Amino acid sequence: MSTFIQTVVNGVLFGGILSIAAVGFSLIFGVMNVINLAHGVFVIGGAYAALVAWSTLGIDPLLALPVIMALGYVLGSQFQRHVMQPAVRRGNPVAALLVTFGFALVVVNLLTVWFSSAVRNISPSYAFVNLRLGDLSIDAVRLVCFGIGLVMIAALSLFMRRSRLGRVIRATAQSELGARLCGVDSKGVYAATFGVGSAFGAASGVLIGMMLPFTPAEETLWTVYAFIVVTLGGVGSPAGAMLGGVLMGVAATLTQTYLGAVYTNMVMFLILLLMLLVRPHGILGSAFRASR
Amino acid sequence: MSISITRRRSLELIGAAGAVAVAPRVGAQALPAITFGGTIPFSGRWAEIGQSVHAGYTTVAKYVNEVLGGLEVGGRRYRLDIKMVDDASDPQRGITLLQRQLDDGVSLFLGTYSTPMVLPQAAMTERARRPMVQAGGGGDAIFTQGYRYIFGMYPRASRSAFPAVDSMTVLNPRPQSFIVVYTNDPFSKPQGLGVMARLRERGFNVVDSFELPFQLQDISAVLTAVRDKKPDVVMCLTSDQNSLLIARQMAQNRADVKMLFTSLGPQTPSFRQGLGKFAEGISCISTWSPSFPYKDPIFGTTQKFAEYYQANNTVPLIYHQGTAAGCIVAYTSVLRAVGKIDDTEAIRDGLARIDIESLYGRIKFTPEGDGDPVLMGSAVTQVQGGDLKVIFPAALKEANPIWPMTAWSQR
């Protein structure tokens with residue numbers, strides 16, 4: 001029994017990592033109907049920004065997190081406004097996909113030039129603290145990052161529901177024409193949405209960098225994980241991203257322990273396939289997708 | 001008799017000294033070239049080690065060209081030209097670039113890094129009947145296809161970690177129980193299966209084993225097994241990044257063992273820095289160390305190679321440079337013996353028969369082309385005081401093993 005509980009706890013904490021990495025992707029996909037292939041680059045970029053803050057400037061990654069989020073917002077919003085929007089205007093919506101893919105390639109190579117491809121990880125003084133609850137062993141860093149992720153996702157959910165900008169974003173996602181007729185600057189909304197999604201991506205990178213070793217080449221992995229989690233939990237829903245991530249994490253650890261670790265990816269993709277067949281808009285779905 | 005130093009005389013002497021200093025460089029540049037082709041990962045997943053391998057190749061070439069004034073083959077002097085192109089750790093890109101070099105007439109090849117990269121390239125150079133000596137791929141699949149032109153500086157994967165198992169037999173008290181962890185890729189899996197077979201041959205008890213996906217993000221199952229079954233030793237046949245993840249999670253979760261062995265990882269400074277004090281006591285295999293006491297036909301000794309390398313490179317010296325350098329030493333030895341640079345059949349036959357001592361150690365290949373498991377087997381090293389020390393075999397030992405290693409919670 002203790003093995004089962006430990007496995008579930010590990011799965012929830014691992015799933016928290018996946019959720020944090022996916023929530024920004026979910027927002028962009030839900031509002032703009034764009035699969036952001038550069039999402040992983042913002043995650044890895046956040047990790048490297050935290051590495052610079054910690055190793056060069058001596059700033060704890062958690063203290064640097066708000067600044068890194070702000071940098072992610074600025075970079076993401078400006079990229080969307082000055083690169084993606086012109087590309088879509090001149091070409092077609094598929095251009096957005098290609099542009100994000102190209103941006104990801106450029107940034108990965110820049111990161112490799114600046115930081116090399118050596119495996120990095122961020123190890124502040126508390127990186128190896130362990131908590132014990134009876135037979136349960138919990139990695140303190142993962143627990144803290146899970147808690148921070150939960151708070152961030154809850155804050156985003158509240159922001160989307162209660163703030164004026166959140167309502168404007170949801171309105172634009174429901175009907176861009178209707179929003180523009182109401183005086184909404186849809187281009188500005190899209191840029192802001194992409195910025196928020198990128199900010200969350202960068203924030204997740206800070207937390208991931210404290211938990212896992214990373215290299216520039218890993219960005220694709222985090223885009224794929226985000227896609228799976230969002231498809232499972234529901235596009236455009238922060239709570240869906242949390243639920244999808246936790247479900248995936250628990251499925252992964254239970255598979256590892258009781259079926260065999262080599263089947264982990266297979267099981268994750270099988271769950272994704274089943275979800276697409278049974279409930280394609282995800283467990284919690286997107287509130288505004290149904291009205292399109 | 002007094003000698004007056006005029007300005008004219010001074011300028012003549014300075015000019016003569018300068019000419020002497022640059023003569024080998026200028027001379028070597030004017031020599032015809034022996035070109036070694038191939039690809040190397042300068043970017044992507046394998047870039048850190050790929051750059052180390054490349055540095056090993058180019059250091060030997062630089063020494064031969066600049067210090068020795070070229071390589072004498074068949075009465076003529078040649079410079080060594082290393083023409084490696086970036087495969088970005090992508091097997092598809094690697095074979096495209098290699099095909100281009102084959103089409104351009106390159107005759108002699110060096111290897112890229114990692115078995116998934118080397119395997120398809122080996123098939124191409126074999127089909128073209130051009131020799132490849134490589135220090136990057138040890139997967140069994142490379143050496144069980146009946147290839148005649150492919151030579152590897154390591155024993156094949158299923159035998160490569162045998163020294164790690166053998167090093168456990170000299171520990172006192174003798175370890176009893178083992179957990180073996182490997183990833184599902186063409187190198188780690190045969191290595192892991194080979195280790196399990198060897199452990200059982202040596203009378204050890206393998207209480208559990210795990211086959212994990214190649215890209216790891218979580219090892220909860222391994223941690224649970226370590227807590228439940230309390231093995232003496234966990235042996236991880238995993239790549240550098242996966243080894244770091246495993247070591248980090250074991251330390252973070254206080255999954256204590258008496259020894260943690262990872263086949264790759266501790267040899268890189270980034271691994272040891274990432275773990276800090278938690279790296280102490282982790283062991284790994286090392287195919288080469290600068291402390292090896294071997295004589296070399298080019299540098300004289302292993303230490304002289306290490307000194308020359310340190311003076312001419314910024315990439316930290318790890319075992320990959322030594323292994324790569326061994327490839328060039330093997331080629332130069334055979335080229336001198338054969339006396340021709342373009343007779344690929346004779347060069348292949350020379351490589352198949354080679355048996356020399358070098359900075360890398362004894363170079364002698366099996367009939368299948370991989371390194372002889374006894375003569376070219378690895379040493380076992382352990383992180384001690386933040387540095388790597390050879391702990392096995394006895395002939396190369398620098399320090400006694402830390403056994404058992406300090407529990408994570410007591411560091």
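What is the mean pLDDT of chain B, and what percentage of its residues reach 70 or more? The mean is 91, and 93% of the residues of chain B reach 70 or more. These values belong to a predicted model, and for the complex the predictor gives an ipTM of 0.84 and a pTM of 0.82.

**First stop: chain B as a whole**

Along the principal axes, the C-alpha trace of chain B spans about 85 × 60 × 35 Å. Of the 411 residues in chain B, 55% are buried. Among contacts in chain B between residues at least 6 apart in sequence, 69% join residues at least 24 apart.

**Second stop: particular backbone sites in chain B**

Select Asn172(B) and Pro173(B), where the peptide bond is cis, with omega near 0 degrees. Pro173(B) lies in the loop between helix H7 (162-168) and strand E7 (177-183) of chain B. Another cis peptide bond runs from Phe392(B) to Pro393(B), with omega near 5 degrees; Pro393(B) is found in the segment after strand E17 (387-392) of chain B.

Next, select Ser89(B), in the loop between strand E3 (76-86) and helix H3 (91-103) of chain B. Its phi is near 60 degrees, a positive value in a residue other than glycine. Is Ser89(B) buried or exposed? Ser89(B) is buried, because 25 other C-beta atoms lie within 10 Å.

**Third stop: where the chains meet**

Now show both chains. The contact takes 33 residues from chain A and 30 residues from chain B. On the chain A side, the elements that each supply at least two residues include helix H1 (2-32), helix H4 (94-115) and strand E2 (136-139). H1(A) gives the most to this side, with five residues. By class, the side of chain A that touches chain B has twelve nonpolar, 19 polar and two charged residues.

Asn33(A) lies in the loop between H1 and helix H2 (39-55) of chain A. Asn33(A) has a positive phi of about 55 degrees although it is not a glycine, and it counts as partly exposed, with 14 C-beta neighbours inside 10 Å.

Select helix H5 (residues 140-162) and helix H6 (residues 164-174) of chain A, which pack at an angle of about 75 degrees with their axes 5 Å apart. H5(A) is therefore roughly perpendicular to H6(A). Among the residues that meet are Phe159(A) and Met160(A) in H5(A) and Ile169(A) in H6(A). The residues of this contact divide into three nonpolar, one polar and three charged.

Ile153(A), Leu156(A), Ser157(A) and Met160(A) of H5(A) make the contact with Pro238(A), Ala239(A), Ala241(A) and Met242(A) of H10(A). This contact has seven nonpolar, one polar and no charged residues.

**Last stop: Ala239(A)**

Finally, select Ala239(A), in helix H10 of chain A. Not counting residues up to four places away in sequence, Ala239(A) touches Ser157(A) and Leu284(A). Ala239(A) counts as partly exposed, with 18 C-beta neighbours inside 10 Å.

Key
Residues are numbered from 1 along each chain as its sequence is written. Chains are lettered from A and ligands numbered from 1 in the order in which they are written. This is a predicted model: local features need pLDDT of at least 70, side-chain atom pairs count only at pLDDT 80 or more; totals for chains, interfaces and linings use all residues. Axes are lines fitted to C-alpha atoms, for helices over the stretch in contact, and angles run from 0 to 180 degrees between N-to-C directions. Helices (H or I, at least four residues) and strands (E, at least two) are DSSP runs, numbered from the N terminus. Angles under 35 degrees count as roughly parallel, over 145 as roughly antiparallel, 65 to 115 as roughly perpendicular and the rest as oblique. Two residues are in contact if their C-beta atoms, placed from the backbone, lie within 7 Å. Ala, Val, Leu, Ile, Met, Phe, Trp, Tyr, Cys and Pro count as nonpolar, Asp, Glu, Lys and Arg as charged, and the others, Gly among them, as polar. A residue is buried if 20 or more other C-beta atoms lie within 10 Å of its own, exposed if 12 or fewer, and partly exposed in between; C-beta atoms are placed from the backbone. pLDDT is the predictor's confidence in each residue, from 0 to 100.
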